Structures are given as C-alpha cells and as structure tokens.
Amino acid sequence: MIDRMRPRRLGMVVGGSLSEGLVVKLDPAVSIEEMAVGRYVSLQGETRRFLGMITDVSLASTDPAMASNPPDQSDPFIAKVIAGTNVFGTLHIAPQLAIGADGLSPVRTIPAHFTQVQEASEEEIQRVFGRDDKAHFYVGTPLDMEMRVHLDLQELVKRSNGVFGKSGTGKTFLTRLILAGILQKGVASTLIFDMHGEYGWRGKTEGPYEVKGLKQLFPSKVFVVTLDQESTLKKGIHADFVVHIGYDEIEPKDIETLRETLNLTDLAVQACYHLERRLGQKQWVSRLLESRDREEVVQLANEVGENENTLGALWRRLQLLRRFGFLVPHAREDSVHRILEYLDTGKHVVLEFGSYGDELAAYILVANLITRRLHDRYVERTERALEDGGRGAAPLVIIVEEAHKFLNPDVASQTTFGVIAREMRKYNVTLLVVDQRPSGIDEEVMSQLGTKLTCLLENERDIEAVLSGVQRKSELRQVLARLASKQQALIFGHAVPMPIPITVAEYGSPESYKALNITEETMEPGQIEKEIQELWGN
Ligand SMILES: Nc1ncnc2c1ncn2[C@@H]1O[C@H](COP(=O)(O)OP(=O)(O)OP(=O)(O)O)[C@@H](O)[C@H]1O
Ligand SMILES: [Mg+2]
C-alpha cells in the first residue's frame, strides 16, 4: 500500500531551465511506468516550494555503449546495480507555481541542482485550488491521484468560458457538472440552450445509469421551457411553458446569422434589410412568408422595389421557417420576457429544442434571437443602474453548444454571442460555450475566453486554437494530446492558479451525487405550481 498521507519521493533535479523546464532524475525505486504526463510534483527549494507538471518522461543512460550492447538482464543482481546508476528514468517538469511564505506566485526562478522532487500532496493541491466552500466546487481529481480539485465558480462566471473536446469525450457531462456547481453555489443565473435535451430532466449516457438533469437535482431552481411541447411531453417531462416566437420578433440580423446554414447570398441578406425598411419590423417576415406562390412574391418585389429573383430565392430558402411550429405570426405572450422574469428571481432556465434540436437553423435562430433580446435588457439595466448608482442585474451565464456556429469569424462580429464574448462581464452576461471544433471559433473570441476546460482534442488546428496565447504552450500540448478519450480535461486560464489536467468527477451514479455534495432538494408537491403562481400572480 502506498502511504497517501506522506508524499513519495520521486527523484532530484539534475538540470533544465525556466523556459525549457526542469530535468529530474528518477530514483531507482520509482517505476517509470507510473510517471504519467500531466501529474503534479512538488519541489522543495531553499526558500519556497515549486509545483510542477510532468510534461515528458524519458530513458537515459550514462554510457552510450549500453544501447548497442545491453547488459545481461538474466542476473538480477547486475540488473539492479545498473538500474539507477548507468541507466535511469528522467522526468521533464514544467514549473507552474511557487508557494512561498507570502502565498502563491508565478514562477520566475527555478530550484537548484539536486532539489528533491516528490509527488504533490493533497495539502498543496488544496492550497492552490481551494476547498469546498461557498465558491469552490469539486470538479475532479488530478490525474492518477486521489485528491480533490475544486474550481472557483465565482471567479469562473466573471468571464466567458469554453468547454472543448472531440465528440464523445465528455463535454456535456463536464458542462452539466459545472452547471450543477453554479446552481448549488448560486453564483449566477443560467440560461441553457439545450440542443439535444441533455440538461433539463435527464441526460443521455452510454453508462449503466440514467443520469439526472438539473431539474431533478434542483427542482425549485430550474425551469424547463420547450419549443416542442409534443416531444417534451413524450419524454414524460412537464415543461413549465412552451415558447412561441412571433414573425414580428425576427430582425434582418437574425436571418443574416443564418446565412451559412440556409445558404443565403449577400443579395438575399440585403433584401431582408430592404424589406424591413420598406415594410417595418412588424411586417416584413410575415409579408414574405405569407406570400403563397411565386406570383405573390413578384408582386411583393414590385411593391417594395426589390429584384424579383433575389426575393424569390430568399422566399424559397425561408420556407424552412414555416415548418418550425414554434414560429407564429404573432406570439400572444412574450416568451423572452417570461424567461427574463425567471432569471431575475435567480432561477435557471433550460430551453429544450425537442425535435428541432436536429435542425441547426432552428437552434441558431432561437438562440440568437433570445440572447440578443436578453442582452439588450441587461445592457439597458446596467446602464440605468450606473446612472442611478444602483446595483446592476445579477450575473447571467448563457450556455450554448455548437458554439462555432455563432462565433465563427464570418459572424462573430455580428452576433450577440460575439458581442458578449468580447465585452467581458461589462453587462453581467457571460457565455459558456461548448464545442468540438474550437478552430472554427473566431480567434479574438477564443482569446477573450477566461477559462478553458478542454477534453481530448486530436485535430492539430483545434489544439492550436485552444492553446493559442497560453504560456508553456508546447508542454501543455503534450498533456492535452495524452488525455484519456473520455472524462479527462485540461483546465487552464483565469479561474485556476495553474493549469491542471483532471479526471472529471463521475456524474450519474447514486454515489456520485453524494460525492458532489448535491443534496437533493425535497420538493413539496405542487411547490413549483405555487411558485409560478406567485411569480405571475394568477
Ligand atoms: N464525468 C463523467 N461521469 C460519468 N460518465 C462520463 C463522464 N464524462 C463522460 N462520461 C461518459 O462518456 C460519454 C460521452 O460524454 P458526453 O456525452 O458528455 O460527450 P460529448 O463530448 O458531449 O459528446 P458529443 O460531442 O457527442 O456531444 C457519456 O455518455 C458517459 O457515458
Ligand atoms: Mg455533448
């Protein structure tokens, strides 16, 4: 049994530099096979301790002839003598943080020759990542270590953040875990654009359990609203309300962000603006969509002075919108307003797309439209609050999957998502973007993301995109490329004092909810209904 309380000695520093990292000679008693890339070690210098990450492991020998003329391994005595003297393992360590009497500081120097290296201790990891408290939430364990890493969620939500990783690596599980933390700690309201129905009531899984969605864990804090009542009901979920969006709420800008998805030409996009100028915001979409045939479109084109073919092409492409049952000429109720009211009471809203989740155009249209209007409200309020010297709106985090659709270089300058990512937390709204193709996201947006949580990525361009601008990039690249294909993530950026690869906390088994300290709320029957009544006064 390894004594977990006393960190094991691994070896000593024999060379290296601040920029290139340290070279550590491994003690003969330590098996090199255990020394995986991404593990944390501690180095006791004269005046401070250093924490560093293993970024490479290699075999060395003092005698070059050894390679061509290996010693006789059949004699255990000789083998033992040679191991550790003539041949030995080395670790490559990237120093990440110094712990001195005055606390944590960035590394500006390195420990001397022969400094002892040992496994990082639980106390050191806690010193850096904090303990479970009102802001810190348990997210996982360092690789191959049995200690808890906590994430400061209060710091996290101050900026926009990203969860990345190729398909099936655990992005959604990690995102849901972070959300459970945000809900538990109450550090922000959240609005989740739940494309595939994974956050609200239950999540999909390859594992043996049905995993609970946020509504099951925090019934009184979460409202599930849907665009597709039928599919939501089929899953046995009672949605808190059904979202309808009126044609009169759609702006040319919303159609513009669909340019790529609907394959619209520049002229078609310009025609939207033209129509809006001529017919007014309330009328332009209905007039166009309610044209029944080519003839009526030609009439409309003549009326507003638009090219018939351009308008005809736009009309054809926008026919898709007519299939979206949640779009109506005029919505009786202002859904965005209602969502805002939930968020204002500190609640969380999961917007289920139901069968429209497979329809990218629906996802982009709705997420953009709602986010644009919410953002307008937050800006208005923050500005008013500034004038009155009052408090602005409570922080809001918006969760969006397939983020590159909203934030690719072609549209990031126009979409509200792009605006939010760039303006930091000026108006108390931030994003949590989830994406398997980070190279598709605008570079400037990527550089504005505060904290990145990235599962395994294999595509070179994606790796480059997430690591762009970080220190010790080449070393982190080694770590990132070697994450397990599931449930491991490298976290770096604003909310963590140093980068750390973790095994993401398990989510889904009955024990896991206990380990996460998510005590299930016991909800009185009818409590939600009562709350809604209170909210709406009817
Ligand atoms: N923290 C975790 N706890 C338990 N199981 C996990 C965890 N992370 C990942 N898994 C397992 O890995 C599977 C894939 O995870 P997930 O659905 O989050 O991947 P993803 O990156 O969102 O995939 P996609 O790109 O297809 O959306 C899950 O169904 C689950 O079985
Ligand atoms: Mg997913």
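This briefing walks through the pockets, domains and cavities of the structure above. It's a predicted model, where local features need pLDDT of at least 70, side-chain atom pairs count only at pLDDT 80 or more, and totals for chains, interfaces and linings use all residues. Residues are numbered from 1 along each chain as its sequence is written, chains are lettered from A and ligands numbered from 1 in the order in which they are written, and side-chain values use heavy atoms, leaving out hydrogens and water.

**How empty space is found**
- Rolling a probe the size of a water molecule over the atoms shows where empty space is left.
- On a 1 Å grid over the protein atoms alone, a cavity is a set of points where a 1.4 Å probe fits but cannot get out, while a pocket is an open set with protein on both sides within 12 Å along at least five of seven lines.
- Lining residues have an atom within 4 Å of a point, and a volume is the space filled by probe spheres set on the points, which are joined across faces, edges and corners.

**The largest pocket**
- The largest pocket has a volume of about 730 Å³. It's lined by 32 residues, and the closest to its centre are Gly168, Gly170, Thr172, Phe173 and Glu206.
- Helix α5 (171–185) and strand β20 (429–435) each supply at least two lining residues; helices (H or I, at least four residues) and strands (E, at least two) are DSSP runs numbered from the N terminus.
- With 5 residues, α5 gives the largest share of this lining.
- The lining splits into 10 nonpolar, 12 polar and 10 charged residues (Ala, Val, Leu, Ile, Met, Phe, Trp, Tyr, Cys and Pro count as nonpolar, Asp, Glu, Lys and Arg as charged, and the others, Gly among them, as polar).

**The domains**
- There's a domain 1 (9–129), a domain 2 (150–243 + 337–532) and a domain 3 (247–323), with bounds from an automatic or database domain assignment.
- The C-alpha centres of domain 1 and domain 2 lie 38 Å apart. Their contact (heavy atoms within 4.5 Å) takes 19 residues from domain 1 and 13 residues from domain 2.
- Together domain 1 and domain 2 bury about 1300 Å², 70% of it on carbon and sulfur atoms; buried area is the accessible area (1.4 Å probe) that two parts lose on being put together, summed over both.
- Across this interface the rule finds 0 salt bridges (a side-chain nitrogen of Lys or Arg within 4 Å of a carboxyl oxygen of Asp or Glu).

**The second largest pocket**
- This one holds about 530 Å³ of space. Of its 24 lining residues, the closest to the centre are Gln96, Val470, Gln471, Pro497 and Pro499.
- Domain 1 and domain 2 each give at least three residues to the lining.
- Strand β5 (87–100) is one of the elements supplying at least two lining residues, and β5 gives the most, with 3 residues.
- By class, the lining has 13 nonpolar, 8 polar and 3 charged residues.

**The cavities**
- Lys253, Asp254 and Asn368 are among the residues lining the second largest cavity, which has no nonpolar, 5 polar and 3 charged residues in its lining.
- Domain 2 and domain 3 both give residues to the lining of the second largest cavity, so it lies between them.
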